[in-house]
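Please open the model in your viewer and keep the selection panel at hand.

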Amino acid sequence: MKKFKAQIFSALAAVTLFVGTLASNGACLFEYYQPKMPDKMRKE
Amino acid sequence: MEKLAVKLSERLYQEKIIADDEREVYQYCIEVTISTVSYWASILICAVLLGKLWESVVYLGAFMVMRFCFGGYHASTHFRCALVSMASYGIFLTFIFLFPINSYGVFAVISWLITAVAGIVFAPVEHENRPFTAKEQKKFRKGSLLAILLVSIILSIGLALGKYRFLVCLSFGVLQASISLVVAVGQNKFKAQNKPKTDHSVIMEKDF
């Protein structure tokens with residue numbers, strides 16, 4: 001059960017990171033709200 | 001949504017899936033994912049219930065691609081964002097339901113003209129929460145011009161083939177992104193004009 005939970009959380013982290021990276025590569029998000037982008041996500 | 005993102009990123013940290021210094025990044029990513037998924041889900045549920053699925057997918061797809069390149073207006077809260085999104089979608093559905101198909105071609109051409117002018121003059125526009133680097137500015141500018149070119153090609157083919165229903169859905173998405181771009185430019189100008197003066201500028205004025 002613990003392993004399954006860890007897998008679910010890992011999948012969640014991977015999916016959200018993918019969407020976040022995709023969003024940070026565009027001029028803006030697709031909908032009408034833009035949370036503040038962390039400096040660490042910016043490309044130099 | 002922000003609170004949920006904070007809680008989930010905290011949980012990921014507790015489960016030792018992410019490191020301490022990654023929490024901020026994951027919080028942003030989770031917030032973005034939740035807001036994107038809820039936006040798509042709410043619109044697609046409405047689309048299925050009203051029997052306008054493919055029209056809504058074309059409309060949303062066009063809007064997303066243009067907005068990804070153009071940038072544009074953002075509401076100050078998630079709630080306002082949801083209101084603006086649903087209102088825009090409502091206008092699109094009203095048009096599809098009420099207006100005759102013979103007006104679609106004219107609408108598509110007018111939308112394209114507005115998009116081309118707005119895009120060439122203003123795109124891309126940045127938001128204070130997502131400032132651009134010089135490289136990104138160039139990249140989005142190129143992307144915007146390419147997107148306009150792509151829309152022009154699709155519009156020409158659609159008009160030649162008489163695919164007016166498809167064109168009106170595409171045009172609505174594109175037009176909405178252009179209006180959002182123009183609103184954002186106006187908003188940025190207004191903010192710049194009403195920005196409180198810094199101590200330095202006050203001192204300079206006193207000197208004069």
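**A helix pair in chain B**

Begin by selecting Met66(B), Phe68(B), Cys69(B) and Phe70(B) in α3(B), which meet Phe140(B), Gly143(B), Ser144(B), Ala147(B), Ile148(B) and Val151(B) in α6(B), where contact means heavy atoms within 4.5 Å and helices are DSSP runs (H or I, at least four residues) numbered from the N terminus. These contact residues divide into 8 nonpolar, 2 polar and no charged, with Ala, Val, Leu, Ile, Met, Phe, Trp, Tyr, Cys and Pro counted as nonpolar, Asp, Glu, Lys and Arg as charged, and the others, Gly among them, as polar.

The model is predicted, with pLDDT of at least 70 needed for local features and 80 or more for side-chain atom pairs, while totals for chains, interfaces and linings use all residues. Residues are numbered from 1 along each chain as its sequence is written, chains are lettered from A and ligands numbered from 1 in the order in which they are written, and side-chain values use heavy atoms, without hydrogens and water.

Next, show α3(B), residues 53–70, together with α6(B): their axes come within 8 Å and cross at roughly 150°, the axes being lines fitted to C-alpha atoms over the stretch in contact, with angles from 0 to 180 degrees between N-to-C directions. The two helices α3(B) and α6(B) are therefore roughly antiparallel, a term for angles over 145 degrees.

Now select Ala108(B), Trp112(B), Val151(B), Leu155(B), Leu170(B), Ser171(B) and Val174(B), which line the largest cavity; α7(B) gives the largest share of this lining, 3 residues. A cavity is a set of points on a 1 Å grid over the protein atoms alone where a 1.4 Å probe fits but cannot get out, and lining residues have an atom within 4 Å of a point.

Note on methods:
On a 1 Å grid over the protein atoms alone, a cavity is a set of points where a 1.4 Å probe fits but cannot get out, and a pocket is an open set with protein on both sides within 12 Å along at least five of seven lines; lining residues have an atom within 4 Å of a point. Angles under 35 degrees count as roughly parallel, over 145 as roughly antiparallel, 65 to 115 as roughly perpendicular and the rest as oblique.
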